[in-house]
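Okay, everyone, thanks for coming. Let me put the structure up, and then we'll walk through some of its helices.

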Amino acid sequence: MIEVKNLSKHFGEKVAVDNISFTVEKGEVLGFLGPNGAGKSTTMRMVTGYLPPSAGDISVGGADILDEEIAAKSKIGYLPENAPLYSDMTVEDFLRFCAEMRRVPTDQIEDAVNKAIDTCFLQRVRHQSVDTLSKGFRHRTCLAQSIIHDPEVLILDEPTDGLDPNQKHEVRNLIKRMGETKAIIFSTHILEEVEASCSRAIIIDRGKIIADGTPDQLKKKARNAGAIFLRAGGLASTGIRQELEKLPEVQSVNVLESGDNSIVARVIPNKGKDKELPEAIFQLAVTKGLKVHELRVEEGRLDELFREITRPDTED
């Protein structure tokens, strides 16, 4: 549904997006992650046709965003960052106006408005003017306008920004449900949203894609993925550490806490030995009389990977 090839965007000498390529299929929810200023919003604006690219090609549903602009844009629902609203309209009137602008057939507008209101939980405020809405309801109204024409593609820039925890949960579930039948890209800096809603994620930094995969695939790339978290006692902490370091399956032992006769440690396996390490530690415990209180394999975390592969000095 979305195909991006060798896309770049320059603002004078600044390279905001640097030769990136990716695709998004129908039924896929792609999380777009990156530090502030990494190129997320710029990429999304180009995909929607709001900004022209400096180089590269974009097609939406088989239509080129530049050469077949109307055909491509008709397939897209777009929630921009800080989306504008007409504050003197009611929610219902605003959505009806958006439906007309999106060329929803006249006899279908009322159903489209009602569906958008129900989907985005706006029943309670449908007759209120926009300027009386809370930030959360304003944001949901903006989301409703992006789906008013039942688009095949959704581009959502920070769709949960400014929402309270309950509203975030509602929107995440909504995105996940809509992602079953649509192609969705949404940008976020909240890593838990990726695990909650996304079937795939891209991490972008300084305009370049530096990671691409399912949340589980990305977590496995984190430095501590496959390490053993161990809480044990029965010997002096230095003795436990020394015995662990003797194991051929062990690369290193990072002590997190230590007492007179106990240790909490992260045990890093040697390359290719991650599956053998738990059994080796168990056999060591039997042989040396260690009391193992906790032993588990760490699966890795997205926030760890994010910090490891992105550079914190990115400018807005």
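So, helix α3 (residues 91-101) and helix α5 (residues 135-147): their axes come within 9 Å and cross at roughly 25°. That makes α3 roughly parallel to α5, a label for angles under 35 degrees. This is a predicted model, where local features need pLDDT of at least 70 and side-chain atom pairs count only at pLDDT 80 or more, while totals for chains, interfaces and linings use all residues. Numbering starts from 1 along each chain as its sequence is written, and side-chain values use heavy atoms, with hydrogens and water left out.

Who meets whom here? On the α3 side we have Val 91, Phe 94, Leu 95 and Cys 98, and they meet Thr 141, Ala 144 and Gln 145 in α5; contact means heavy atoms within 4.5 Å.

Now α5 again, this time with helix α6 (residues 165-178): the axes come within 12 Å and cross at roughly 10°. So α5 is roughly parallel to α6. From α5, the contact uses Gly 136, Arg 140, Leu 143 and Ile 147, and α6 brings Gln 167, Glu 170, Val 171, Leu 174 and Met 178.

Last stop, helix α9, residues 237-246. Which of its residues are buried, meaning under 20% relative accessible area with a 1.4 Å probe, protein chains only? They're Ser 237, Gly 239, Ile 240, Glu 243 and Leu 244. They sit on the same side of α9 because they cover an arc of only 165° around the axis. Over on the other side, Thr 238 and Lys 246 are exposed, so over 50% by that definition. And the buried ones pack against β11 (228-233), β12 (250-258), β13 (262-269) and α10 (277-288).

Notes:
Helix = DSSP H or I, 4+ residues; strand = E, 2+ residues; numbered from the N terminus. Arc of directions from axis to C-beta. Axes fitted to C-alpha atoms, helices over the stretch in contact; angles between N-to-C directions. Parallel < 35°, antiparallel > 145°, perpendicular 65-115°, else oblique.
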